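Please read them alongside the sequence and the coordinates.

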Amino acid sequence: MNLPDRAQIVVIGGGIIGCSTAYHLARDHKADVVLLEQGKLTSGSTWHAAGLVGQLRSSASITRVLKYSVDLYRRLDAETGLATGWKMTGCLRLATNADRWTEFKRLATTARSFGMDMHLLSPAEVKAMWPLMETGDLVGASWLPTDGQASPSDITQSLARGARMHGARIVEGVRVTGFAMEGRRIRAVKTDKGDIACDKVVNCAGQWARQVGAMAGISVPLQPVRHQYIISERIPGLATDAPTIRDPDRRTYFKEEVGGLVMGGYEPNPQPWTTDLPDGDVPDDWEFRLFDDDYDHFEQHMSQALARVPALAEVGVKQMINGPESFTPDGNFILGVAPECDNMFVGAGFNAFGIASGGGAGWVLAEWTVSGEAPLDLWVVDIRRFSGLHRDRQWVCDRTLEAYGKHYTIAFPHEEYESGRPRIVSPLYERLKARRAVFGSKLGWERPNWFAPQGIDPRDVYSMGRQNWFGPVGEEHRHVRDVVGIFDQSSFAKYEVRGADAERALDWICANDVTRPPGRVTYTQLLNTRGGIEADLTVARLAPDRFYIVTGTGFRTHDLAWIRDHLSDGAKVDLADVTEEYGTLSLMGSRAREVLQNVTSADVSNAAFPFAHIREIRIAGQAVRAIRITYVGELGWELHVPIGAIGEVFDALMAAGKGAGVRPVGYRALESLRLEKGYRAWGSDITPNDTPIEAGLAWAVKMRRNVPFMGRAALEAQAGKLPAKRFAGFLIDDPETVLVGRETILRDGEAVGYLTSGGYGYTLQKSIGYGYVRNGGGVSDDHLLSGTYELVVANEIVPARIGLMPFFDPAGDRVRV
Ligand SMILES: Cc1cc2nc3c(=O)[nH]c(=O)nc-3n(C[C@H](O)[C@H](O)[C@H](O)COP(=O)(O)OP(=O)(O)OC[C@H]3O[C@@H](n4cnc5c(N)ncnc54)[C@H](O)[C@@H]3O)c2cc1C
C-alpha cells in the first residue's frame with residue numbers, strides 16, 4: 001500500500017498493541033487510521049511471546065481491561081475469520097509456604113471483589129488436575145478457570161485484518177524517523193518514505209517507544225530486558241488442555257504447547273538490554289530477531305522446573321527463545337496522553353503481559369485517543385504517574401530491574417522499593433534520620449513513614465500480619481490526637497496559577513467554589529466530563545489574580561497536566577510548578593496552636609486565623625505560607641516554607657514545642673488518622689470512576705452557584721436520582737483482622753462492592769475500611785443502614801458495622817457508627 005499524505009490518526013507499531021488500537025479506532029470510532037510498521041507485523045516482541053493470558057491484577061480497572069482481552073480473543077475469529085488460538089485452560093498458581101498462601105487467600109478475595117471466581121485447591125486436587133506435577137511441597141494452589149493461552153501472532157494478525165475490514169490502512173516497511181512539531185503539537189509524522197500530516201499520533205512502538213517518544217520530546221520510561229523461555233519436546237501424558245501454571249516460589253511459569261511445555265521464569269538477576277548505540281538505543285533492524293541462547297543464565301529456572309515437573313528431564317528442549325521485552329519501573333504498563341505533547345498518545349511498556357493486555361489496552365487507548373479522556377480509572381498505568389526523574393535512564397533501569405526481580409516474590413503489604421534511593425530528599429532528611437526515621441519513597445522523594453523508638457531496628461520488617469512498625473505508629477498516631485506532631489510533607493506537589501484570567505480558568509476547572517476572596521482556601525475536586533474525580537486538591541487564593549494549589553506527591557505530573565489541558569485557549573494565565581520552591585511542615589494536633597503561637601507574632605487564634613484560610617506569617621525570620629487545614633481530624637496548619645529555610649523553621653518549631661511535647665511523625669500515622677476521619681484518598685477511594693455524589697463529596701461542589709464547570713452536566717444528570725453506588729465506611733471489631741484493601745463487602749450475604757482503602761485506627765482500636773456499596777435500584781441512606789454487613793477478608797467472613805459519618809468524632813465518644 002502507498003503511503004497516504006494525511007490521516008486523522010497515525011498509529012506507530014504493528015505489534016499486538018498497535019494492531020489492537022487501530023482495530024478499535026476503526027471499529028468503534030470509524031476513525032481515519034493509518035498504522036505504520038517498520039518491518040512486518042508482529043516482528044518486534046509480539047511474535048516470540050509465550051502466550052499465557054492471565055486476568056487478575058490488583059486494580060479493578062486493569063482487571064477489567066484484561067477480562068475484555070479474553071472476551072475479544074474468544075470471539076474475534078467469528079468476525080475476522082482468523083483464529084486467535086484462544087484456549088481457556090485455566091491457571092493454577094502454586095503456594096509452598098504460609099505467606100504465599102495468605103497472599104492467595106487475599107487474591108481469591110480480590111477476584112471475588114472484581115467479579116471472578118478464583119478457587120483455592122488442596123495439593124491432592126492440584127495433582128488430580130495436573131498429574132505430571134510434583135506436589136509434595138505444596139500448601140495449595142489458586143485456580144482461575146477463565147484464564148488461558150493464545151497465539152500472539154495469530155491474535156495480532158486477526159486484529160490487523162479486523163482493523164482493515166473496518167477501514168484502517170496498515171502499511172508495513174515504513175519507519176517513523178521524526179515529527180514535524182508546532183509548539184506542543186505534532187503536525188506531521190516523518191518517515192523514511194515521506195511525511196504524513198495528522199491530528200493525532202499513537203505511539204505503540206514497543207521497546208522502541210522510548211526512542212519514538214524522544215523524537216517528540218516525550219519521556220517513555222521503559223527498559224528492554226532479556227526474557228527467556230524454552231519449548232520442550234512432547235511430554236508423554238501431558239494433556240493438550242493442561243492448565244497454565246505459575247509457580248512463583250520457584251519463579252517459573254508453564255504452558256502446554258503442541259504436547260510439550262513452554263517454561264520460563266523471572267530471575268532475581270535480570271539482564272537489561274542496552275546497546276552501544278547513542279543512549280543505549282534499541283537498533284532499528286531487530287525484525288524477528290532473538291538473542292543467543294543463554295543456558296547459563298537460564299539454569300536457575302531449569303533446576304526449579306525439573307523439581308516441579310520431573311517429566312521435563314525425560315525430553316529434549318526443542319527451542320529456546322531469548323527475546324527482549326519492555327519493562328517499567330513499577331511493573332505497570334504505560335498508557336495515555338503524554339504530558340509533554342498535546343497529541344501523542346502512548347501504549348507501551350507491557351512487562352511481559354502485553355498479550356494478556358493487548359485486546360483491552362487497545363480498546364481503552366482508542367477511547368482515550370478519540371475523546372482525550374481515559375474512559376475509566378487508568379491511573380495505575382497512566383503515563384502521567386511519572387515525573388522528570390524518569391528521564392534518568394540509569395535510575396529507570398535500576399528500578400525496572402528491581403521490579404522485574406520482584407515479579408514473583410510475595411507481595412507484602414506496605415512493601416517499598418529499595419533501588420535508586422535516596423534520590424530526592426527534603427532538607428530535613430538528615431535531621432529526621434538522626435531521629436530514627438524509616439523512609440519510604442514516592443516519586444523519588446524520601447518521606448518518613450515512621451520513627452523507630454530506641455530498641456527497635458529502624459527498618460521495615462515485612463509480614464502478612466501486623467508488621468514491626470505497628471506499635472510505634474500507634475504511638476505517633478496517639479501523639480497527634482492527644483498532643484501535637486510535625487509531618488515533613490515537603491514532597492507535596494505545588495503550583496501557582498497567576499494572571500488576569502486565573503479566577504475564570506480555575507472556576508471552570510474546579511468543582512468547588514474557588515472564587516472566594518484572597519486568604520481563603522478551598523478543598524476541591526477536578527472532574528472529567530463524566531463527573532468522575534480526576535484530582536482532589538486544595539486551592540488557596542493569595543491575591544485576586546494569584547492562586548496556590550497543593551496536591552499529593554504522586555500526582556504532580558498528572559494534576560499539572562490536567563489543569564494545563566483544561567485552560568481555555570488564549571486565556572491570560574500563567575501556570576507554574578513551584579514544588580521545589582516550598583517545603584511543607586504540617587503541624588497537627590490538639591496543641592498545635594500553642595506551638596505555633598510560640599514561634600510567631602501573628603495572631604493564630606481561631607478568630608484571627610479560622611479554618612480554611614491562608615495567611616503569610618513569620619517564623620524564625622522567614623515568610624511562611626500557613627494554611628489552616630487538616631487531613632488528620634485535628635487542629636493544624638500546613639506551613640509552606642521557602643525550601644532553603646525549612647531546617648530553621650523545623651528547629652524553631654521543635655524548640656518552641658518542647659514544653660507541649662511536639663515530635664515528628666510519619667506517613668503511616670497519617671494514614672491511620674485519615675482513615676478514622678474518613679478523608680478520601682485519590683487513586684483509591686475517589687477516582688475518575690467515581691463522582692462526588694457517589695463519593696459523599698457533593699458538599700464540595702458548587703451546584704448552587706449558577707456557573708458552568710467541568711463535569712457539571714454529568715452531575716446534574718445524576719442529581720435527584722439515587723446513585724447506583726455510594727461510599728461508606730466499615731468498622732471491624734475483631735482486633736486481629738488485617739485489612740489491606742479490595743476485601744469484598746457483603747450486604748445481607750451478597751457481594752455489593754469492595755474496600756478501596758483498609759487499615760487500622762489506633763484511637764478507635766479497630767480496623768477500618770472504606771468502599772462503595774452498589775445496588776441496581778439505587779443506594780439510599782435507608783438501603784445502606786438497613787443491611788447487615790460482613791467483609792470477606794483473606795477468604796474469611798468477618799462481621800462489620802457500616803458508618804456513613806467519620807468514625808472518629810472528636811466531640812463525641814470518638815466512635816460513631
Ligand atoms: C520471551 C517473552 C515471552 C513473553 N511471554 C508473554 C506471555 O506469555 N504473555 C503475555 O501477555 N506477554 C508475553 N510477553 C510480552 C509480549 O510479547 C509483549 O508485551 C507484547 O508483544 C508487546 O507488544 P507491543 O505491540 O507493545 O510491542 P511489539 O510487538 O514490539 O511491537 C512494536 C512494533 O513497533 C514497530 N516500530 C518500532 N519503532 C518503529 C518506527 N520508528 N516506525 C515504525 N514502526 C516501528 C516495531 O517494529 C514493532 O513491530 C513475552 C515477551 C517475551 C520477550
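1. How are H2 and H5 oriented to each other? They are oblique to each other, a class that takes in the angles left over when those under 35 degrees count as roughly parallel, over 145 as roughly antiparallel and 65 to 115 as roughly perpendicular. The axes of H2 (residues 60–80) and H5 (residues 152–165) cross at roughly 50° and come within 10 Å; axes here are lines fitted to C-alpha atoms over the stretch in contact, and angles run from 0 to 180 degrees between N-to-C directions. Helices are DSSP runs of H or I with at least four residues, strands are E runs of at least two, and both are numbered from the N terminus.

2. On the basis of the coordinates, this is a predicted model, in which local features need pLDDT of at least 70 and side-chain atom pairs count only at pLDDT 80 or more, while totals for chains, interfaces and linings use all residues. Residues are numbered from 1 along each chain as its sequence is written, and side-chain values use heavy atoms, with hydrogens and water left out.

3. The crossing of H2 and H5 is left-handed, meaning that the near helix is turned anticlockwise from the far one by less than a right angle, whereas clockwise would be right-handed. Leu72, Tyr73, Leu76, Glu79 and Thr80 of H2 make the contact with Ile155, Ser158, Leu159, Arg161, Gly162 and Met165 of H5, contact being heavy atoms within 4.5 Å. These residues divide into six nonpolar, three polar and two charged, where Ala, Val, Leu, Ile, Met, Phe, Trp, Tyr, Cys and Pro count as nonpolar, Asp, Glu, Lys and Arg as charged, and the others, Gly among them, as polar.

4. Helix H11 (residues 470–482) packs against helix H16 (residues 667–677) at an angle of about 55°, with the axes 8 Å apart, and the two are therefore oblique to each other. Their contact involves Val473, Glu476, His477, Val480 and Arg481 of H11 and Arg668, Ala669, Ser672, Leu673 and Glu676 of H16, which divide into four nonpolar, two polar and four charged.

5. For H14 (residues 592–599) and H15 (residues 646–656), the axes come within 9 Å and cross at roughly 115°, in a right-handed crossing. Val595, Asn598 and Val599 of H14 meet Ala652, Leu653 and Ala656 of H15, a set with five nonpolar residues, one polar and no charged.

6. The ligand is surrounded by 37 residues, the closest being Glu37, Ser45, Thr46, Glu325 and Ala356, where a residue is included if one of its heavy atoms lies within 4 Å. A polar backbone atom of Ser45 is 2.8 Å from a ligand oxygen atom, and a polar backbone atom of Val176 is 2.9 Å from a ligand nitrogen atom.

7. Two backbone details deserve a look. Arg421 and Pro422 are joined by a cis peptide bond with omega about -10°, and Pro422 sits in the loop between helix H9 (393–405) and helix H10 (429–434). Asp279, in the loop between strand S16 (271–272) and helix H7 (295–308), has a positive phi near 65°. Most residues other than glycine have a negative phi, and most peptide bonds are trans.

Key. A polar contact is a pair of N or O atoms within 3.5 Å; within protein, one must be able to donate a hydrogen and the other to accept it, and residues adjacent in sequence count only if both atoms are side-chain atoms.
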